[in-house]
Amino acid sequence: MNALICPVCQKSKLVIYLNKDNRYNYRCKCSVNFFFKEDPPALHSLLIAKIDTHGLFCSKRLIFFVNALTQQLEIICDTCDYFSCL
Ligand SMILES: [Zn+2]
Ligand SMILES: [Zn+2]
């Protein structure tokens, strides 16, 4: 499986750990640290699907960040009202 590039910094590869509660913990050198219930291939296809969906009606780049409270990845767009939480 190819390593996933961190969606936040777009530079480093995400390191993946399987947590005790069977959620996956994704970490990056840029200090990104979030949880997602599914494995890297599922995360990857979900991200692609979200980017594609947003790209149908908006040409701006999506912004990815980690919600510090929930430790989940969130996706927003400055230009349109797009918001998505994994
Ligand atoms: Zn990163
Ligand atoms: Zn947009």
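Colleague: Which residue in E2 does Val 15 stand opposite?

Modeller: This is a predicted model, and in it E1 and E2 run antiparallel and are joined by four bridges. Across that pairing, the residue in E2 that Val 15 stands opposite is Arg 27.

Colleague: Which residue in E3 does Arg 27 stand opposite?

Modeller: Strand E2, which covers residues 24–27, also pairs with E3 in the antiparallel sense, over four bridges. Elsewhere in this pairing, Asn 25 has Phe 35 of E3 as its bridge partner. For Arg 27, the residue standing opposite in E3 is Asn 33.

Colleague: Which residue in the turn between E1 and E2 has a positive phi, and which residue takes one in the hairpin of E2 and E3?

Modeller: E1 and E2 form a hairpin with five residues between them, and there the positive phi, of about 65°, belongs to Asn 22. The hairpin of E2 and E3 has five residues between the strands as well, and the residue with a positive phi near 85° is Ser 31.

Colleague: In the open sheet with the order E4-E5-E6, what is the bridge partner of Ile 76 in E6?

Modeller: Three strands form this open sheet with antiparallel pairing, and its edge strands, each pairing on one side only, are E4 (63–67) and E6 (83–85). Neighbouring strands of the sheet are turned by 25° against each other on average, direction ignored. Strand E5, residues 72–76, is joined to E6 by three bridges, and the partner of Ile 76 in E6 is Phe 83.

Colleague: How many residues make up the largest nonpolar core?

Modeller: In soluble globular proteins, nonpolar side chains tend to be buried together. The members of the largest nonpolar core here include Leu 14, Tyr 26, Cys 28 and Phe 34, and also Phe 64, Val 66, Leu 73 and Leu 86. The number of residues in this core is eight.

Definitions and conventions:
Residues are numbered from 1 along each chain as its sequence is written. Chains are lettered from A and ligands numbered from 1 in the order in which they are written. This is a predicted model: local features need pLDDT of at least 70, side-chain atom pairs count only at pLDDT 80 or more; totals for chains, interfaces and linings use all residues. Two strands pair if DSSP finds at least two bridges between them. Helices (H or I, at least four residues) and strands (E, at least two) are DSSP runs, numbered from the N terminus. Axes are lines fitted to C-alpha atoms, for helices over the stretch in contact, and angles run from 0 to 180 degrees between N-to-C directions. A nonpolar core is a set of buried Ala, Val, Leu, Ile, Met, Phe, Trp, Tyr and Cys residues joined through C-beta atoms within 7 Å. A residue is buried if 20 or more other C-beta atoms lie within 10 Å of its own, exposed if 12 or fewer, and partly exposed in between; C-beta atoms are placed from the backbone.
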